[in-house]
Amino acid sequence: MMKLWYLKEHDTSLAIRLLIYESELEVEERLLDPESALDQDAFRQITNLPNIPILQIPEAPGILHAVMDIAEYLSRQAPPERQMVPTDPEAGFQVRRWVYFTGTLLSPPISRARRGAEATSYATLTLALPRLEACLRDRDHVADDRFTFADCVLAVLLPVLSKLVEWRREYPTLAEYLERIRQRPAFQRL
Amino acid sequence: MSLDLWFHPLEIESQAALLALFESGTSFRPLSLEDDSPERDAFLQIWPFSHYPVLVDHHWNDLIFGSSVITEYVHVYQSPQSNLLLAQSEWASAVWHWTRMMSGLGRVVSALSRDELKLKHQPTHTEQDQLRGLYLRDALLEKLEQQLSERNWVTGDDFSMADCHAAPIVFSLEAQKMLGDFPSLQRYLDQFWERKAFVRMLGLVNRRLFRYRQLRGAEAAEEGGRPALIDRLRRAKVL
């Protein structure tokens with residue numbers, strides 16, 4: 001049985017859980033309470049790396065730390081029609097590319113803005129959001145013509161951004177996209 | 001030539017991308033962001049982010065950034081004969097797993113170096129961030145040392161994309177004279193001097209090497225019994 005250790009209200013934890021629900025996989029979920037010494041001890045017995053989420057798997061290497069490693073492993077466990085990272089090389093590349101884009105150009109400035117609302121964070125966001133807006137004018141989903149892990153990563157970040165700054169009027173296509181994702185049963189389970 | 005790689009010679013990620021492109025035999029034009037090339041300003045208009053490397057494919061009018069994404073793009077669309085992603089490994093996705101781990105380690109090492117090089121009154125990270133970075137760096141280096149104590153290359157007998165990402169990190173540590181505690185990493189780095197792609201990559205980033213030499217490299221590297229780093233760089237005609 002696969003076991004996911006995750007944090008509440010944590011972007012990458014939410015993205016992986018969304019993938020699990022979209023793929024209808026059976027995964028044991030273990031919420032980690034960062035304030036609990038017992039939880040901290042239990043976590044340290046599994047890994048000495050501070051990364052979260054992690055996925056325990058019944059085969060080598062035993063634990064996956066990188067979010068894309070976790071996503072690809074979980075995707076391979078799902079039937080083809082529910083795989084969130086396509087096995088086709090070109091389609092898989094597009095998913096990894098957009099996950100990297102979101103993880104590098106959107107997630108860090110949002111995290112920084114959450115902590116201190118630096119002006120530079122918003123400057124980066126105003127450069128990244130138009131690219132997503134342009135991308136979604138041509139298709140319904142970020143990386144493919146169907147829902148993929150790239151959508152999981154973006155969909156959990158946009159509500160966080162909404163709490164920090166009003167962006168919907170300036171990026172209407174992105175706002176419509178988020179509304180569509182919100183209607184998905186898997187998203188509502190989060 | 002339809003491919004341009006914009007890189008920053010001080011960045012580990014840029015060095016990894018350069019190494020991967022040379023190793024895969026891909027034809028491309030390397031363009032350093034430190035040079036005053038006429039294309040530089042035009043490039044900064046289309047890519048205003050401070051994240052590199054960036055590959056510009058003029059034929060398909062596409063722009064790809066991030067070293068692992070660039071390596072995959074080249075493999076899928078340009079040089080599918082390259083073995084960097086197809087290396088035999090002990091379990092499925094080991095190449096990707098180690099590439100991502102090395103990419104994470106590279107970011108940590110770069111951030112720590114930036115903090116060290118910046119003026120003390122302009123810290124980019126809090127003290128807590130730095131301590132977390134140091135812990136993570138040491139934990140990942142120990143994992144890499146353990147992995148390489150039983151293997152020629154990171155994922156087994158075959159050179160792979162994971163090695164393209166590990167080499168610049170190990171080289172950076174060697175320049176800081178930190179490999180003494182990691183004998184397998186030292187042995188691992190020795191192998192790279194035989195690879196033409198590695199020496200070509202160093203030739204392109206040699207300003208960084210000069211900077212290291214000025215800051216701390218030369219005197220430290222010329223100590224000790226094993227071949228000194230600077231001597232090696234000179235023999236390879238990089239310096």
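**Entry 1: A:Thr47**

Apart from neighbours within four places in sequence, A:Thr47 is in contact with A:Ile54, A:Ile63 and A:His65, where contact means heavy atoms within 4.5 Å. I located A:Thr47 in the loop between H2 and strand E3 (54-56) of chain A. Helices (H or I, at least four residues) and strands (E, at least two) are DSSP runs, numbered from the N terminus. Is A:Thr47 buried or exposed? I found A:Thr47 buried, its relative accessible area being 7%; buried means under 20% relative accessible area, exposed over 50%, and partly exposed in between (1.4 Å probe, protein chains only). A polar atom of the A:Thr47 side chain lies 3.0 Å from the backbone nitrogen of A:Leu49.

I noted the conventions here. Residues are numbered from 1 along each chain as its sequence is written, and chains are lettered from A and ligands numbered from 1 in the order in which they are written. In this predicted model local features need pLDDT of at least 70, side-chain atom pairs count only at pLDDT 80 or more, and totals for chains, interfaces and linings use all residues, while side-chain values use heavy atoms, with hydrogens and water left out.

**Entry 2: A:Ala42**

I then turned to A:Ala42, which I placed in helix H2 (residues 37-44) of chain A. With 25% relative accessibility, A:Ala42 counts as partly exposed. Not counting residues up to four places away in sequence, A:Ala42 touches A:Trp5 and A:Arg30. I also checked A:Ala186, 144 residues from A:Ala42 along the chain: the C-alpha atoms of the two are separated by 29 Å.

**Entry 3: chain B and its helix H6**

For chain B I recorded 10 helices and four strands. Along the sequence, the pattern reads β-α-β-α-β-β-α-α-α-α-α-α-α-α. Of the 239 residues in chain B, 56% are buried.

I examined H6 of chain B, residues 161-175, which has 15 residues and reaches 22 Å from its first C-alpha to its last. That is close to the 21 Å expected at 1.5 Å a residue, the expected span being 1.5 Å times one less than the number of residues. Why is H6(B) largely enclosed by the rest of the structure? I found that 15 of the 15 residues of H6(B) are buried, so the helix is largely enclosed. Just after H6(B), B:Lys177 takes a positive phi of about 55°.

**Entry 4: where chains A and B meet**

I looked up the contact between the chains and found 29 residues from chain A and 28 residues from chain B. The area buried between them is about 2500 Å², of which carbon and sulfur atoms give 61%; buried area is the accessible area (1.4 Å probe) that two parts lose on being put together, summed over both. In chain A, A:Phe93, A:Arg97 and A:Tyr100 lose the most area to chain B, together 24% of what that side buries.

How many salt bridges does the rule find across the interface? I recorded four, a salt bridge being a side-chain nitrogen of Lys or Arg within 4 Å of a carboxyl oxygen of Asp or Glu. I noted that A:Asp69 forms a salt bridge with B:Arg100, the closest N and O atoms being 2.6 Å apart.

Definitions and conventions. A polar contact is a pair of N or O atoms within 3.5 Å; within protein, one must be able to donate a hydrogen and the other to accept it, and residues adjacent in sequence count only if both atoms are side-chain atoms.
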